[in-house]
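These are my notebook entries from an afternoon of looking things up in one structure.

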Amino acid sequence: MVKYIIKRILYSILILFFVSVLIYFLVRCLPTDYIDNKFADKLGQGQITQEQIDDIKRMYGLLDNSFFGILSGYFTWLSNVLKLDLGTSFKFELPVAEVIGEYMWISFGISLVAMVLQFLIAIPLGVMSATHQYGPMDYVVTIFTMIGISLPSFFLATLLIKVFSTTLGWLPMQGLTDAMKDYTGLAKVGDIIRHCILPVATLVIINIGGLMRYSRTNTLEVLNADYIRTARAKGLSEHTVIYKHVFRNTMIPLVTMMAGILPGLFGGAMITEEVFALQGIGQKAYQALKEGDVPFIMGYNMFLAILTVIGTLLADLAYAVVDPRVKLDK
């Protein structure tokens, strides 16, 4: 086990290196340039010279956009990262690590609630759909699955705002708190919960479809296994067969989904947060991407890459725990 973990960590470091190179080159190819955009008016008014702008770009390794110039800029960025310095965000004018640390918790809270609800709803419905194959329940679940998979997040979010905020007036439209009220204590908690209902509902609906279909497919495979037929032949009740044998073994393939849980929790929902004006890390990343904030984009994407690598390793280890047939000795 220890040998396997060490090997995976070494592989992960190599993967992160190539990922960082790819992301840096892609970021440098963005059509927008934050420094040029910020100083465009001052340059036109003669308050700053092009040489001064070039000096700023040179300081960040962003002046030369040729292949070797970008490569040189990458190693400048990498040397700072190895010193645990992700740089300073152009847009937010704060250290990148500080911005990520401050705003990721809002995204984490919303994503955590959405993920728990998603699993609590999708897995039982997927199992019920499989055990009632081609019945009314199966068709209803299939319809909801297709809706969840097909709806874009921005469309669903806008639709929920239109129905429940604009038309019915039941729920707040945007933000995390009511700017017109100064709630404290439980009243403030209740206000935050009301503001989070629509964003959480959006995340649950758009993600629940795939998980329900995955659960249904896994359950159907388990139902056709020999040991399930043996359990039924021994006279066990259908309830015992489903929830003691089928359900437990259905959960094994779902462990592989752990790889995406960590980046999903801390990475934020970029479009959903932007639509609902939530001050989460996803919204900050979207704003930085629009304006070409190279340090923040690099820091954010590497943050997600590290979480993905850690999630994949944890998923492999958990898979060996829940399935004794898997041996991590290679």
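Predicted model: local features only at pLDDT ≥ 70, side-chain atom pairs only at ≥ 80, totals over all residues.

Residues are numbered from 1 along each chain as its sequence is written, and side-chain values use heavy atoms, with hydrogens and water left out.

**Entry: the whole chain**

I counted helices and strands as DSSP runs numbered from the N terminus (H or I of at least four residues for helices, E of at least two for strands), and on that basis the chain has 15 helices and zero strands. Its C-alpha trace spans about 85 × 60 × 35 Å along the principal axes. For burial I used relative accessible area with a 1.4 Å probe and protein chains only, buried being under 20%, exposed over 50%, and partly exposed in between; of the 330 residues, 39% are buried. Among the contacts with a separation of 6 or more, 73% join residues 24 or more positions apart.

**Entry: buried residues and their neighbours**

Returning to Ser111, I placed this residue in helix α6 and found it buried at a relative accessible area of 9%. I then turned to Met212, which sits in helix α9 and is buried at 2%. Apart from neighbours within four places in sequence, Met212 is in contact with Ala122, Leu125, Gly126, Val141, Phe144 and Thr145. Ile297, in helix α15 (residues 294-322), is buried at 6%, and, again not counting residues up to four places away, touches Val27, Leu30, Ala288, Leu289 and Gly292.

**Entry: helix α7**

Which residues of α7 are buried? I found Asp138, Val141, Thr145 and Gly148 to be buried, and, seen down the helix axis, the buried residues of α7 fall within an arc of 90°, so they line one face. The arc is taken from the directions from the helix axis to the C-beta atoms. These buried residues pack against α6 (96-131) and α9, while Pro136, Ile143 and Ser150 are exposed on the other side of α7. The helix covers residues 136-150, and its 15 residues reach 21 Å from first C-alpha to last, close to the 21 Å expected, where the expected span is 1.5 Å times one less than the number of residues.

**Entry: salt bridges**

I took a salt bridge to be a side-chain nitrogen of Lys or Arg within 4 Å of a carboxyl oxygen of Asp or Glu, and the structure holds seven of them. One of these joins Asp138 and Arg216 at 2.8 Å, N to O. Asp138 lies in α7 and Arg216 in α9, so this pair ties together parts that are 78 residues apart in sequence, and both residues are buried. Another is formed by Lys57 and Asp33, whose closest N and O atoms are 3.6 Å apart. Lys57 lies in helix α4 (residues 50-59) and Asp33 in the loop between α1 (2-28) and α2 (34-38), so the pair ties together parts that are 24 residues apart in sequence. Lys57 counts as buried at 9% relative accessibility, whereas Asp33 is partly exposed at 25%.

**Entry: positive phi**

Leu84 has a positive phi of about 65° although it is not a glycine; Leu84 is placed in the loop between α5 (67-82) and α6 and is exposed at 83%. Tyr134 also has a positive phi, near 65°, lies in the loop between α6 and α7, and counts as exposed at 58%.

**Entry: the surface**

Using Shrake-Rupley areas with a 1.4 Å probe, where for residues only the protein chains shown count as cover, I noted an accessible surface of about 18,500 Å² for the chain, of which 67% belongs to carbon and sulfur atoms.

Methods. Contact = heavy atoms within 4.5 Å.
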